[in-house]
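Hello,

Here is the structure I promised to pass on to you. Have a look at it first, and my notes on what turned up follow just below.

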Amino acid sequence: MQITNKLNLPYGLVKAVSPEPHNKPGEISATTLIQGMKQVILTQRHWEDLEDDVADRIWAVFGTAVHALLENEGEEDFCEIELKQKVSNITVTGRLDNYNMATGVICDYKNTSVFKIKAGLQKEADGTLHGFPEWKQQGLIYAWLLQKNGLPATKCRFIALLKDHSKTEADRDSSYPQSPVYVYEFPVTKEELEETESFIMKKVFQYELFSSTEDDQIPECTSEERWQKKDVYAVKKEGRKSAVKLFDSQEEAEAKIAELGKDHYLEIRKGESMKCKHYCLCSKYCNFCQQNLASVEDAGDVANAA
């Protein structure tokens with residue numbers, strides 16, 4: 001990977017954020033398995049040509065520092081324990097930040113934002129919490145690796161350190177995380193471990209199947225893997241810049257237009273794939289990503305013209 005330095009930052013900082021390929025040949029990590037397979041393969045295939053700037057990787061320094069400080073702590077815990085398990089011709093790996101063999105509790109540290117936590121605490125249409133599906137999948141892969149290595153796994157705990165937490169906002173807003181540390185935990189069940197094994201087998205199969213496939217022929221990542229926002233259907237009125245009302249479905253929006261009558265029209269605001277746009281370094285090599293970004297941009301141009 002090529003690391004640029006647009007702000008002319010010190011060499012030590014450049015070196016600190018310069019990454020090595022995440023997976024060794026023949027291996028695939030737990031954190032890689034939860035990514036879209038197109039992203040995984042394109043990142044590996046184009047690694048030498050990928051580009052990122054030092055300033056955009058600055059939070060990686062904080063993550064490395066936190067792990068370096070904590071890896072030597074804990075009287076009864078194992079820190080930075082590495083596990084491996086062969087699946088077909090691929091070795092699945094996982095590095096646990098902290099593990100207590102006596103209790104079977106897995107602990108992982110995350111440097112993240114308040115936005116991430118607030119998004120996870122939002123409710124879906126059926127009333128359930130959105131949660132943290134990527135963290136849960138990662139934790140269950142760790143639990144599966146422990147089980148395969150003859151070690152107990154009873155619970156996963158994710159300790160999220162909120163790098164942008166504001167005490168002022170916490171005092172003002174009760175829905176805002178009240179502490180700069182948020183703990184997300186869940187028990188490990190037999191049923192979920194069985195589902196996780198199926199998930200791992202499927203991902204390894206995809207990895208082996210598409211590793212030699214041309215870039216544009218690799219199936220796109222799922223909407224969840226792309227952090228796809230939903231389309232929004234706006235009811236607009238001639239001569240007014242802001243929407244009269246926003247809807248989650250086109251049917252509801254069209255019903256509202258029929259009710260309001262003359263001078264009202266529909267504007268479809270295409271949901272963006274946030275990971276593609278902001279957090280996927282191989283996006284320029286991904287035909288789906290480029291088409292998606294272009295369609296969102298075209299939709300925005302049409303909306304602005306209207």
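A word on terms before the notes: a cavity here is a set of grid points where a 1.4 Å probe fits but cannot get out, and its volume is the space filled by probe spheres set on those points. Please keep in mind that this is a predicted model.

**The cavity**

With that in hand, the structure holds 1 cavity of 30 Å³ or more. The volume of this largest cavity is about 110 Å³. It is lined by 15 residues, and those closest to its centre are Gln39, Cys221, Cys276, Cys280 and Cys286.

Which helices each supply at least two residues of the lining? They are helix H3 (37–45), helix H10 (274–279) and helix H11 (287–305). The largest share, 3 residues, comes from H3. Sorted by class, the lining of the largest cavity has 8 nonpolar, 2 polar and 5 charged residues.

Take Cys282 to begin with. The closest cysteine sulfur to its own is in Cys280, at 3.4 Å, so the two are too far apart for a bond.

Is Cys107 buried or exposed? It counts as buried, because its relative accessibility is 9%, and the cut-off for buried is under 20%.

**A three-stranded sheet**

The model also has an open sheet of 3 strands, in the order E10-E9-E11, with antiparallel pairing. Strand E10 (245–247) and strand E11 (264–269) are the edge strands, each pairing on one side only. On average, neighbouring strands of this sheet are turned by 30 degrees against each other, direction ignored.

Along them, Ala234 stands opposite Leu246 in E10.

Happy viewing, and do write back with any questions.

Best wishes

Technical notes
Residues are numbered from 1 along each chain as its sequence is written. This is a predicted model: local features need pLDDT of at least 70, side-chain atom pairs count only at pLDDT 80 or more; totals for chains, interfaces and linings use all residues. Side-chain values use heavy atoms; hydrogens and water are left out. Buried means under 20% relative accessible area, exposed over 50%, partly exposed in between (1.4 Å probe, protein chains only). A disulfide is a pair of cysteine sulfur atoms within 2.5 Å. On a 1 Å grid over the protein atoms alone, a cavity is a set of points where a 1.4 Å probe fits but cannot get out, and a pocket is an open set with protein on both sides within 12 Å along at least five of seven lines; lining residues have an atom within 4 Å of a point. Helices (H or I, at least four residues) and strands (E, at least two) are DSSP runs, numbered from the N terminus. Ala, Val, Leu, Ile, Met, Phe, Trp, Tyr, Cys and Pro count as nonpolar, Asp, Glu, Lys and Arg as charged, and the others, Gly among them, as polar. Two strands pair if DSSP finds at least two bridges between them. Axes are lines fitted to C-alpha atoms, for helices over the stretch in contact, and angles run from 0 to 180 degrees between N-to-C directions.
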